[in-house]
Amino acid sequence: LLLYFPTNTYHIMQIFATSLATASMLASTSAFTTSATSNGGTALHMADMPMDTAKEWPTINGWKADPTKFCAGLPGSVAPLGEFDPWELTSDMSIKEIKRYRESEVTHGRVAMLATVGYLVGESFHPLFGGEVIGPANSHLAQVQEIAPAFFTILVNMIAVAEIRRALVGWKSAESLAGVSEDLNSALGASLIDSYYPGDIGFDPIGLKPKTDEGFRNMATKELQNGRLAMFGAIGMLVQEQVTHEPIVQTLKSLF
């Protein structure tokens with residue numbers, strides 16, 4: 001699982017610093033189950049609505065973009081912080097931009113969940129490559145690149161294929177955005193398809209996706225909460241290993 005990380009630590013820290021900021025801006029990391037949201041958050045005011053709020057948005061997985069609600073009505077706000085956006089970063093965002101932020105948050109959260117498991121499992125159990133990949137997880141990918149360069153090449157291509165598929169499923173093509181000038185992000189090809197729900201790329205090999213709208217909303221909220229917490233956990237593990245230069249489990253054992 002750790003093989004998802006690049007070898008350059010600076011870039012790793014950039015990625016998770018961005019994730020950390022996104023998580024803290026959008027909502028709480030303290031809950032794992034859904035609960036009633038607070039009514040004290042920031043919603044879009046009708047007079048300040050961006051241009052795309054006037055259009056009719058499709059209903060996807062039980063969610064229909066509502067510009068009058070916090071984060072256009074997307075799930076993820078839970079007690080005790082509820083609609084957490086202290087800097088009001090989403091107050092004047094277009095729905096397209098809110099969807100892009102949520103897509104980024106969900107994706108980073110998923111990578112972070114894999115990473116936190118990978119740190120603990122990869123450092124304790126490493127049967128691949130003849131057991132030669134050892135030590136702090138921060139160094140594992142560099143070791144794999146040196147021990148098995150062919151495997152590293154295959155890994156990079158697999159990641160590229162996964163990212164290309166995600167782009168094809170959820171993002172508008174550059175050709176369809178030709179001439180767009182009112183939204184700089186869209187003009188650069190960074191616009192999600194209207195009928196695409198952020199994070200729902202259709203990958204569900206064992207059928208875990210709930211069949212009901214309420215069930216999907218609850219699961220989406222739980223995934224967000226776990227992903228937000230995992231982003232904190234992953235950056236914490238990464239920084240700690242950079243400081244101690246020893247595996248996380250070994251550091252934990254030294255505390256008891």
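User: Which hand has the crossing of α2 and α6, left or right?
Analyst: The crossing of α2 and α6 is left-handed, the term for a near helix turned anticlockwise from the far one by less than a right angle (clockwise would be right-handed). The contact of α2 with α6 involves 12 nonpolar, six polar and seven charged residues. The model is predicted, with local features needing pLDDT of at least 70 and side-chain atom pairs pLDDT 80 or more, while totals for chains, interfaces and linings use all residues. Residues are numbered from 1 along each chain as its sequence is written, and side-chain values use heavy atoms, without hydrogens and water.

User: Why is α2 called oblique to α6?
Analyst: Helix α2 (residues 95-124) packs against α6 at about 50 degrees, the axes being 7 Å apart. That angle makes α2 oblique to α6, since under 35 degrees is roughly parallel, over 145 roughly antiparallel, 65 to 115 roughly perpendicular and the rest oblique.

User: What span has α6?
Analyst: Helix α6 (residues 213-244) has 32 residues and reaches 46 Å between its first and last C-alpha, close to the 46 Å expected. After α6 comes H245, with a positive phi near 60 degrees.

User: What makes R166 and E103 a salt bridge?
Analyst: Their side chains meet at 2.7 Å, N to O; the criterion is a side-chain nitrogen of Lys or Arg within 4 Å of a carboxyl oxygen of Asp or Glu. R166 is in helix α4 (residues 149-170) and E103 in α2, so the pair ties together parts 63 residues apart in sequence. The structure holds nine salt bridges.

User: Where does P80 lie?
Analyst: P80 is in the loop between β2 (63-64) and α2. The peptide bond from A79 to P80 is cis, with omega near 5 degrees.

Terms used
Helix = DSSP H or I, 4+ residues; strand = E, 2+ residues; numbered from the N terminus. Expected span 1.5 Å × (residues − 1). Axes fitted to C-alpha atoms, helices over the stretch in contact; angles between N-to-C directions. Nonpolar A, V, L, I, M, F, W, Y, C, P; charged D, E, K, R; others polar.
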